[in-house]
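Here is a short report on one protein model. Look at the structure first, then read on.

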Amino acid sequence: MYFDQLWKEFATLPEVEAIALGGSRAGTNYDEKSDYDLYIYCTDIPYEDVRKRILEKCCQYMEIGNSFWELEDDCTLKNGTDIDILYRNIENFSRTIRSVVDEHTAYNGYTTCMWHNLLHSQVLYDKNGKLESLQNEYRIPYPDELRNNIIRKNLRLLTGNLPSYDTQIKKAYARKDMISVNHRTAAFLESYFDIVFAMNKLTHPGEKRMVPYAKERAEILPAGFEENLDRLFQNIFTDPDKALQALQNMIVELEIAIKQNLFL
């Protein structure tokens with residue numbers, strides 16, 4: 001009730017071009033406690049006071065204008081369900097998708113997350129058909145060049161260079177800097193999973209449930225995939241030698257998988 005009322009009021013704003021529902025709520029794997037991820041695509045971002053007038057009708061708690069990642073309002077509906085409302089300029093979003101899919105630009109992890117988000121969102125409102133048109137335009141096979149660029153860039157981040165993550169992690173352990181160990185290990189995993197998904201021509205689902213997503217959908221996984229991850233997590237703060245060995249095993253098995261499947 002409150003969710004439908006909220007997005008339908010946003011749809012009346014002249015600057016709103018399209019509205020989409022993302023995350024688990026856009027599929028079938030959710031329950032009544034699952035959050036809503038609502039994407040408002042605009043020509044211009046609605047003013048805060050306009051957004052607040054809409055939100056206060058449907059929400060018991062509101063944080064207006066958070067911008068930690070994207071501009072968003074983080075709220076709790078009056079029925080107790082949390083909702084994250086993200087505001088995107090539709091032209092900027094389109095350029096981001098084109099940069100990745102058409103121009104094959106690779107990033108330091110999470111390269112195809114926005115593409116994944118576009119493809120797996122449920123369109124609720126589309127004034128001029130722009131969002132659905134963008135979805136249809138990019139329901140295409142995963143480009144080989146994009147796959148290769150992601151693997152090439154992120155493999156060099158994992159190992160083989162002075163600034164590579166494995167080297168940084170070893171140095172952090174040597175100086176007993178556990179905050180740096182944690183930080184660089186997280187970055188290592190971002191690049192590692194970007195490669196795993198790219199090898200399989202899977203768009204990246206984001207930071208949640210990456211292991212089950214890979215196990216369910218990937219045809220190619222490095223040997224010892226889950227075992228090495230478990231060994232890393234069990235030892236990262238207690239046994240540096242075992243943690244570093246787990247990282248080394250992950251790198252070796254990943255490189256073998258890449259070579260066996262003739263990538264690059």
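## Around Asn228

Asn228 touches Ala223, Ala246, Asn249, Met250 and Glu253, leaving aside residues up to four places away in sequence. Contact here means heavy atoms within 4.5 Å. Asn228 sits in helix H10, residues 225-235. Helices (H or I, at least four residues) and strands (E, at least two) are DSSP runs, numbered from the N terminus.

Asn228 is buried, with a relative accessible area of 6%. Buried means under 20% relative accessible area, exposed over 50%, and partly exposed in between (1.4 Å probe, protein chains only). From Asn228 to Gln248 is 20 residues in sequence and 9.4 Å in space, C-alpha to C-alpha.

## About the model

This is a predicted model: local features need pLDDT of at least 70, side-chain atom pairs count only at pLDDT 80 or more, and totals for chains, interfaces and linings use all residues. Residues are numbered from 1 along each chain as its sequence is written, and side-chain values use heavy atoms, with hydrogens and water left out.

## The whole protein

The protein has 11 helices and 6 strands. Its C-alpha trace spans about 55 × 40 × 30 Å along the principal axes. Of its 264 residues, 48% count as buried. Take the contacts with a separation of 6 or more: residues 24 or more positions apart account for 60% of them.

## One face of helix H2

Helix H2 covers residues 48-58, and Val50, Arg51, Ile54, Leu55 and Cys58 in it are buried. Seen down the axis of H2, these buried residues fall within an arc of 125°, so they line one face of the helix. The arc is that of the directions from the helix axis to the C-beta atoms. Their cover includes helix H1 (2-10) and strands S3 (59-66), S4 (72-77) and S5 (82-89).

## Salt bridges

A salt bridge is a side-chain nitrogen of Lys or Arg within 4 Å of a carboxyl oxygen of Asp or Glu. By this rule there are 10. One joins Glu70 and Arg88, with the closest N and O atoms 2.8 Å apart. Glu70 is in the loop between S3 and S4, while Arg88 is in strand S5, 18 residues apart. Glu70 is partly exposed at 22%, but Arg88 is buried at 5%.

Asp144 lies in helix H6 and Lys201 in the loop between helices H8 (178-199) and H9 (210-217), so the pair ties together parts 57 residues apart in sequence. Arg147 also meets Asp144 in a salt bridge, at 3.8 Å, N to O.
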